[in-house]
Amino acid sequence: MSKITLRDLSHSYLDKQNSNSDWALRDVNLDWQDGGAYALLGPSGCGKTTLLNIISGLLNPTKGKVLFDEKDVTTQSPVERNIAQIFQFPVIYDTMTVYDNLAFPLKNRGMTDAEIDRRVKEIADMLELTKTLKNRASGLTADGKQKISLGRGLVRSNVNVIMFDEPLTVIDPHLKWVLRSKLKELHQKINRTMIYVTHDQTEALTFADQVVVMHEGQIVQTGTPVELFEKPKHTFVGHFIGSPGMNILPCQIKNGSAAIDGVEISTNTKIKESNFSKTEIGIRPEFISFDTKGIPAKILKVSNTGRHKIIDTQCNSGKIKVLSHSSKEIPSGSVFLSFNKKYTYAYGDSWIIE
Amino acid sequence: MNKTENQKAWLFVIPVFILVAFNAAVPLMTVVNYSFQETFGNNVFTWEGTRWFKQILQSDRFHAALGRQFLFTGIILFIQIPLGIFIALTMPKEGIGVSVCLVLMSMPLLIPWNVVGAMWNIFALPEIGFLGHTLNDLGFDYNFTQQTGDAWFTTVLMDVWHWTSLVVLLSYAGLRSIQPAYYQAAEIDGASRWAVFRYIELPKMKKVLTIAILLRFMDSFMIYTEPFVLTGGGPGNATAFLSIDLVKMALGQFDLGPAAAMSLIYFFIVLLVCWVFYNLMMRNEEQS
């Protein structure tokens with residue numbers, strides 16, 4: 001059990017780094033509180049797995065430090081760090097039984113048979129593997145195998161952190177939900193730090209108390225699901241979280257106020273600076289309404305998803321998506337769009353201006 | 001309902017059929033033909049029934065050759081399989097070393113068999129060969145042309161040199177196909193190097209090792225050219241393996257009937273061992 005600190009962490013898989021894109025991770029600084037449920041969210045190739053492997057000790061960072069309870073563990077092996085990690089694809093020991101698979105990490109650490117038996121049975125019970133304990137592990141289905149992988153990660157009771165690297169990729173959708181709730185339940189029960197890597201926002205937002213969003217090797221925002229939704233610090237977070245994602249429109253900034261197509265837009269935060277190469281306004285589709293004044297736009301398409309209507313509109317600066325309740329009447333042709341000030345933000349070079 | 005039968009597709013099979021007939025079926029049937037008859041040349045044959053088969057199966061000479069053959073195959077499998085796995089495990093996994101190792105490993109496999117025999121013959125000659133001379137200088141009484149043990153030692157060493165590479169290449173391919181996650185998981189589970197080998201690498205190599213053992217069994221069981229050039233089956237009959245003995249009987253003594261019977265028995269032994277081995281491995285596979 002410990003607090004994990006990442007300090008000025010950078011990693012590159014290349015020997016020489018010429019540009020930012022040569023780095024898989026750049027200047028990561030992060031504190032993971034003891035006992036927290038975290039999600040590491042980002043698209044494929046954003047550096048999530050790299051970061052995870054550095055925390056577990058499978059990978060040595062090019063620069064920076066990893067601290068467990070303020071103690072430098074950067075050069076320690078996974079065994080010394082005492083962590084558990086579960087991988088994307090099920091890893092099982094083919095020739096062993098399910099029982100032996102689960103017992104393997106404990107045997108390697110020299111625990112007594114009685115203690116091993118108790119732990120294995122407890123975990124098997126939790127993952128509903130009790131019936132198959134005596135079977136050869138290689139005969140199981142993909143999700144059965146992944147349950148074993150999960151079990152091997154959870155079987156040790158004293159680990160500092162349990163890390164999940166997209167563990168539910170190969171699991172059937174209906175089981176995904178069950179296992180995810182199980183993990184959440186487990187977290188509340190054993191109260192151990194858990195880091196859950198995923199590219200699926202639903203998974204991240206339902207599992208974690210704190211979500212860390214990564215983009216091109218950098219951490220762009222850390223916050224609760226609500227914070228990420230209501231106040232994205234980076235246009236990427238706006239895009240990536242929410243369905244459909246945030247509308248990002250180019251804007252002009254003059255004397256502390258922003259304008260789209262010559263219409264002034266009031267934003268939640270004060271615009272103190274204007275010295276950017278690119279300035280944008282971000283507003284989620286949920287917070288736009290049709291009005292008698294505002295940004296002139298044309299309605300292109302209305303799609304009804306059952307609970308919502310998604311309206312595609314076009315203004316001079318680009319396309320704007322609007323989300324409204326499906327029972328609402330949608331005007332047609334030319335309309336005016338008004339933005340809810342509370343959820344409207346200005347972004348300079350993709351980062352929020354505040 | 002009328003079913004229209006179109007037999008034209010058979011035409012496509014004919015070329016293969018002819019090819020197989022000429023390179024396998026016809027020669028094999030000729031041997032079968034010989035094995036039941038006696039001939040003194042001039043195309044005159046007399047029917048002998050199963051006499052040659054009985055004679056071969058009861059002959060001490062055949063038993064001795066078969067014994068030598070199993071011993072030889074056993075020894076080389078016992079050396080080549082573990083050695084091949086060991087070399088594959090120590091080979092580099094990335095960088096320029098990979099291609100260097102692969103090329104070096106393939107070299108012995110590319111040398112014609114009689115050249116291998118000739119090379120080792122010269123290499124091992126007691127007076128002038130590098131190996132033979134060095135061993136004698138070191139105080140060993142080494143002469144593969146006259147001493148049975150030395151002849152066996154040299155033949156086995158030659159085969160190990162020639163064929164271990166095959167096991168190495170197959171094992172290496174098997175090892176490379178293991179996902180990195182397996183090693184990472186084992187590291188996190190705190191597995192020892194031995195446990196990684198025993199529970200990850202060996203099970204994952206099982207299929208390629210089955211192929212390696214089958215190939216090495218068949219090849220070594222049918223070995224002819226290399227020992228023929230190296231020792232000629234000698235000293236005496238010490239290294240006269242089945243195929244060498246067979247050729248002696250067929251061409252040296254011109255006993256075509258018994259030689260044909262021996263060929264068939266030989267063939268069935270190879271077939272039987274391969275079949276049993278393959279089925280054992282596959283049954284194991286189904287259980288898991």
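This is a predicted model: local features need pLDDT of at least 70, side-chain atom pairs count only at pLDDT 80 or more; totals for chains, interfaces and linings use all residues.
User: Which residues touch the most other members of the largest nonpolar core?

Analyst: The largest nonpolar core holds 73 residues. Its largest share, six residues, is supplied by helix α3 (residues 98-108) of chain A. A second, separate core has 23 residues, including Ile281(A), Ile295(A), Ile320(A) and Val335(A). In the largest core, the residues that touch the most other members are Tyr38(A), Ala39(A), Leu40(A), Ile195(A) and Tyr196(A).

User: Which residues are in contact with Leu40(A), leaving aside its neighbours within four places in sequence?

Analyst: Leu40(A) is one of the residues that touch the most other members of the largest nonpolar core. With neighbours within four places in sequence left aside, the contacts of Leu40(A) are Lys48(A), Leu51(A), Leu52(A), Ile195(A), Tyr196(A), Val197(A), Val212(A) and Met214(A).

User: Which residue is the bridge partner of Leu6(A) in β2(A)?

Analyst: Strand β1 (residues 4-11) of chain A runs antiparallel to β2(A), and five bridges join the two. In β2(A), Leu6(A) has as its bridge partner Leu30(A).

User: What is the average twist from one strand to the next in the open sheet of five strands in chain A?

Analyst: The order of this sheet in chain A is β16-β20-β17-β18-β19, with antiparallel pairing. Its edge strands are β16 (288-291) and β19 (318-325) of chain A. From one strand to the next, the twist averages 50°.

User: Which residue of β18(A) is the bridge partner of Asn304(A)?

Analyst: Strands β17 (residues 295-304) and β18 (residues 308-315) of chain A run antiparallel and are joined by six bridges. The bridge partner of Asn304(A) in β18(A) is Lys309(A).

User: Why is chain B described as more spread out than a compact globule?

Analyst: Chain B has 12 helices and two strands, and its C-alpha trace spans about 85 × 75 × 35 Å along the principal axes. For 288 residues the globule rule gives 19 Å. Chain B is more spread out than a compact globule because its radius of gyration is well over that value, at 24 Å.

User: What share of the residues of chain B count as buried?

Analyst: Chain B follows the pattern α-β-β-α-α-α-α-α-α-α-α-α-α-α along the sequence. Of its 288 residues, the share that count as buried is 27%.

User: Is Leu264(B) buried, partly exposed or exposed?

Analyst: Leu264(B) lies in helix α12 (residues 256-287) of chain B. Not counting residues up to four places away in sequence, Leu264(B) touches Val31(B), Val32(B) and Ser35(B). A buried residue needs 20 or more other C-beta atoms within 10 Å, and an exposed one has 12 or fewer. Leu264(B) has 18, so it is partly exposed.

User: What distance separates the C-alpha atoms of Leu264(B) and Ser35(B)?

Analyst: Leu264(B) and Ser35(B) are 229 residues apart along the chain. Their C-alpha atoms are separated by 8.2 Å.

User: Which helix gives the most to the side of chain B that touches chain A?

Analyst: The contact takes 22 residues from chain A and 14 residues from chain B. On the side of chain B, the residues divide into eight nonpolar, four polar and two charged. Helices α8 (180-188) and α9 (193-221) of chain B each supply at least two residues. The most, six residues, comes from α8(B).

Methods: Residues are numbered from 1 along each chain as its sequence is written. Chains are lettered from A and ligands numbered from 1 in the order in which they are written. A nonpolar core is a set of buried Ala, Val, Leu, Ile, Met, Phe, Trp, Tyr and Cys residues joined through C-beta atoms within 7 Å. Helices (H or I, at least four residues) and strands (E, at least two) are DSSP runs, numbered from the N terminus. Two residues are in contact if their C-beta atoms, placed from the backbone, lie within 7 Å. Ala, Val, Leu, Ile, Met, Phe, Trp, Tyr, Cys and Pro count as nonpolar, Asp, Glu, Lys and Arg as charged, and the others, Gly among them, as polar. Two strands pair if DSSP finds at least two bridges between them. Axes are lines fitted to C-alpha atoms, for helices over the stretch in contact, and angles run from 0 to 180 degrees between N-to-C directions. The radius of gyration is taken over C-alpha atoms; the globule rule is 2.2 Å times the number of residues to the power 0.38.
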